[in-house]
Amino acid sequence: MSALISRLKRPIILAMLVAIPFLYAPIAKFSDNHALLINASPSLPNWAFWLEKHARIERGSLIFFEPPASRLVEAHFGEGAQLFGKRVLGVPGDVVSHRGHEVFINGRKIAARLDETRLGIALHKGPEGPIPDGCFYTGTSHQRGLDSRYAEIGFVCRGQILGSGRAIL
């Protein structure tokens, strides 16, 4: 039995080495299009999300994106790129308007704005008017969520978006 194992060891190892590229390609392709994300923010109720990098984005989709670099984002979330996860509330062609602190999309109230963050940093009114092609208006049900209500985030456009996700935990 040990002689048989000794004789087969080398061909088995060679076969495994030949098989590695064939096994790697599907795994690499899968990871090009998917990711597992962990949420540390209280603005979303779940803590784990399955991300599809090339999924279709529509109203209600949960998207993950890089916010614009700013003093405010750095003060609240630290240095370096932080992924934000928000719901898509407005899609290209929808019209955003503000009346006082209330925010509307296509005439329907979707949120209210605050004047400052919990750290006392001033917040500024977000974009108004038609949402441009390739961009989205994002939000969260969390009152203090940092989203498109504020100029510091604004419309979220394709170049910032990593993908669309769904909660798994």
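**Chatting through a predicted model**

Me: Okay, what order do the strands take in the open sheet of four?
Reply: The order is β7-β6-β5-β8, and the pairing is antiparallel. Keep in mind that this is a predicted model.

Me: Which ones are the edge strands?
Reply: Those are β7 and β8, the latter covering 129–130. Each of the two pairs on one side only.

Me: And how many bridges join β5 to β8?
Reply: Two bridges do that, with β5 being residues 95–99 and the two strands running antiparallel. To see one of them, find Val-95: its bridge partner in β8 is Pro-130.

Me: Let me zoom out. How many helices and strands does the protein chain have?
Reply: It has two helices and 11 strands. Going along the sequence, the pattern reads α-β-β-β-α-β-β-β-β-β-β-β-β.

Me: How much of the chain is buried?
Reply: The chain has 169 residues, and 36% of them count as buried.

Me: What about contacts between residues 24 or more positions apart?
Reply: They make up 60% of the contacts in the chain with a separation of 6 or more.

Me: Now the inside. Which residues have the most contacts in the largest nonpolar core?
Reply: Ile-63, Phe-65, Leu-146, Ile-153 and Ile-161 do, in a core of 17 residues. The elements giving two or more residues to this core are β3 (62–65), α2 (71–77) and β4 (84–90).

Me: Changing topic: how many disulfides does a search of the whole structure find?
Reply: The search finds one. It joins Cys-135 to Cys-157, with 2.0 Å from S to S. The link is right-handed, with 95 degrees about the S-S bond.

Me: Where do Cys-135 and Cys-157 lie?
Reply: Cys-135 is in strand β9 (residues 135–139) and Cys-157 is in strand β10 (residues 156–157), so the pair ties together parts that are 22 residues apart in sequence.

Me: Is Cys-135 buried or exposed?
Reply: Cys-135 counts as buried, because its relative accessibility is 6%, under the 20% cut-off. Cys-157, at 24%, counts as partly exposed.

Me: I clicked on Arg-149. Where is it?
Reply: Arg-149 is in the loop between β9 and β10. Its relative accessible area is 4%, so Arg-149 is buried.

Me: Which side chain has a polar contact of 2.8 Å with that of Arg-149?
Reply: The side chain of Asp-147 does. A polar atom of the Arg-149 side chain also lies 2.8 Å from the backbone oxygen of Ala-112.

Me: Last one: what is the phi of Asn-106?
Reply: It's positive, about 55 degrees, although Asn-106 is not a glycine. You'll find Asn-106 in the loop between β6 (102–105) and β7 (108–112). Asn-106 is partly exposed, with a relative accessible area of 47%.

Note on methods
Residues numbered from 1 in each chain as written. Predicted model: local features only at pLDDT ≥ 70, side-chain atom pairs only at ≥ 80, totals over all residues. Heavy atoms only, no water. Buried < 20%, exposed > 50% of the residue type's maximum accessible area, 1.4 Å probe, protein only. Core = buried A, V, L, I, M, F, W, Y, C linked by side-chain atoms within 4.5 Å. Disulfide = S-S within 2.5 Å. Contact = heavy atoms within 4.5 Å. Polar contact = N/O pair within 3.5 Å; in protein donor to acceptor, adjacent residues only side chain to side chain. Pairing = 2+ DSSP bridges.
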